[in-house]
Amino acid sequence: MIHEMRIYTCLPGKLPALQERFETATLAIWSRLGIRPLGFWTTMIGPSSNDLIYFLEWQSLEERQRKWAEFVADPVWKEALAKSETSGPIIANIASSILQPTGFFRPFIPVEADG
């Protein structure tokens, strides 16, 4: 299992438009194509309030390459992209990192206290 971290830096004032595109179009397309998002974040405190950060889960690099190619070629995606950018581009930069797990981390699972 691998994870991809993507950081979209929006042009000033355009983050709401990007969030709307994810909410109204992108997530439904991903669901149809089997792309698995793990979560989405914006910066509360930090260097940029124009960023949308999210993680995707992949079985392999081959799965990522295949499904991402299907996504960018999808006609519904192309239509949603064009519609969201009728007033101009909304993203200034996209950074993507493919992450692999370390051997030393174990997820914390809280133990319930007895009553």
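Helix α2 covers residues 61–73, which makes 13 residues. From its first C-alpha to its last, α2 reaches 18 Å, close to the 18 Å expected at 1.5 Å a residue; the expected span is 1.5 Å times one less than the number of residues. Helices here are DSSP runs of H or I with at least four residues, strands are runs of E with at least two, and both are numbered from the N terminus. This is a predicted model, in which local features need pLDDT of at least 70 and side-chain atom pairs count only at pLDDT 80 or more, while totals for chains, interfaces and linings use all residues. Residues are numbered from 1 along each chain as its sequence is written, and side-chain values use heavy atoms, with hydrogens and water left out.

The buried residues of α2 are E63, R64, K67, W68 and F71. Buried means under 20% relative accessible area, exposed over 50%, and partly exposed in between (1.4 Å probe, protein chains only). Seen down the axis of α2, these buried residues fall within an arc of 115°, so they line one face of the helix; the arc is that of the directions from the helix axis to the C-beta atoms. On the other side of α2, L61 and Q65 are exposed.

The cover over the buried residues of α2 includes α1, α3 and the strands β1, β2, β3 and β4. T26 sits in helix α1, residues 15–33, and counts as buried because its relative accessibility is 1%. Beyond its neighbours within four places in sequence, T26 is in contact (heavy atoms within 4.5 Å) with R21, F71 and W77.

From the N terminus on, the elements of the chain run β-α-β-β-α-α-β.
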